[in-house]
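Please open the structure in a viewer and keep the selection tool at hand. The stops below say what to select next and what is found there.

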Amino acid sequence: MTGGAPRYPLEGVVSWNMNTTCNFRCSYCTQRFVDDRKKWAKDLPAFIQGFVALPGDWEVKLSGGEPFRHPGFVDAVQQLADGGLRVSVVSNFSASREQLEGFARATQDKPGVFSASLHLEWVETEAFFEKARWFQEIFAGRFCVTLVATQENWPRIAELREMWPELKLQPEKQDRDVVAYSPAQRLQLKAWGGHNGSGQIEPDLSGRACWAGSRYFIVDHLGEAYRCYPARRYRKEYLGNILDGSLSLGFEAALCTYSYCNCTVPQQRGMVRLGD
Ligand code: SF4
Ligand code: SF4
């Protein structure tokens, strides 16, 4: 690709939404209108084979729903790790300590990121942070805590940032777009780090070269693959299916055509330039 493209990412990342099932029902959940929240990836061996066969080094970032609710979750993590893949997860952190120990054990040789979402409607904060401190001790990878900056959560954010200084915030979305924060709130949200520490609230990266589609992509519980989340939203840049052999990745960075990038991975792994 032309000048301006970030360097070739040595490790690719695939976000795998392996199930829609979740044991929580957050009022602000972006998936709350999904018709069927009982779907999960069935043919795990075929998925794992597909991920292991990806060319070069890859990380698989597991999410759902709540991925720990997938009946084969820890086994799948172990098999992905055995296949040489780095494994990360986005979770509501409600899994048992036994399951969490299983995850930490399976990923200890090549750990990824454990992103624990704090959902105040469902958990007690002291207990959450106590469990978080325990998990940090046994997990070899990077552990982070995120919170959706809803209007209900807003009055508690300062206090929560004192309890967990590295707390990352995510803007609330309605119908996939960021809600209307007041100008003062937008300033405050940026001062707190913006979306997952990016410094921005709804980054517009259109026109920039991005490695999504080549070194990043997303897969759902049926194996359907798209360049990134906005691509799936608009049903563009379909990459095929990882289960039937039709997956086709690009070889270069390509220009972004979306006015709102809500994809944390390409932003945080240097696959697209964030700053001016
Ligand atoms: S834990 Fe996550 S997936 Fe589950 S209901 Fe809450 S926001 Fe949605
Ligand atoms: S929306 Fe984000 S991840 Fe998708 S192509 Fe644009 S910059 Fe890359």
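Begin by selecting Phe103, which counts as buried because its relative accessibility is 0%. Buried means under 20% relative accessible area, exposed over 50% and partly exposed in between, with a 1.4 Å probe and protein chains only. The model is predicted, so local features need pLDDT of at least 70 and side-chain atom pairs count only at pLDDT 80 or more, while totals for chains, interfaces and linings use all residues. Residues are numbered from 1 along each chain as its sequence is written, chains are lettered from A and ligands numbered from 1 in the order in which they are written, and side-chain values use heavy atoms, with hydrogens and water left out.

**The aromatic pairs.** Rings of Phe, Tyr and Trp (its six-membered ring) pair if their centres lie within 6.5 Å; planes under 30 degrees apart count as stacked, over 60 as edge-to-face and the rest as tilted. The count by this rule is 29 aromatic pairs. Phe103 belongs to helix 3 (residues 97-106) and Phe114 to strand 4 (residues 111-117), so the pair ties together parts 11 residues apart in sequence. Helices (H or I, at least four residues) and strands (E, at least two) are DSSP runs, numbered from the N terminus. Phe114, too, has 0% relative accessibility and counts as buried.

Next, select Phe128 and Phe129, an edge-to-face aromatic pair with 5.6 Å centre to centre and 85° between the planes. Both Phe128 and Phe129 are buried. One aromatic cluster has among its members Phe103, Phe114, Phe128, Phe129, Phe93 and Trp134.

**Charges over rings.** A charge sits over a ring if NZ of Lys or CZ of Arg is within 6 Å of the ring centre and within 35 degrees of the ring normal. Select Arg97 with Trp134: the charged end of Arg97 sits over the ring, 4.8 Å from its centre. Then select Lys131, which lies over the face of Phe93 at 5.0 Å from the ring centre.

**Helix 3 and helix 2.** In helix 3, the buried residues are Leu100, Gly102, Phe103, Ala104 and Ala106. Their cover includes helix 2 (73-82), strand 3 (86-91), strand 4 and helix 4 (125-138).

Move to helix 2, where Phe73, Ala76, Val77 and Leu80 are buried. These residues are on the same side of helix 2, because they cover an arc of only 100° around the axis (the arc of the directions from the helix axis to the C-beta atoms). Asp75 and Asp82 are exposed on the other side of helix 2. After helix 2 comes Gly84, with a positive phi near 90°.

**A stop in helix 8.** Which helix holds Gln267? Gln267 is found in helix 8 (residues 264-268), and it counts as buried at 8% relative accessibility. Beyond its neighbours within four places in sequence, Gln267 is in contact (heavy atoms within 4.5 Å) with residues including Ser198, Pro203 and Leu205.

**The whole chain.** Finally, select the entire protein chain, which has eight helices and 13 strands. Of its 276 residues, 52% count as buried. The C-alpha trace spans about 50 × 45 × 35 Å along its principal axes.
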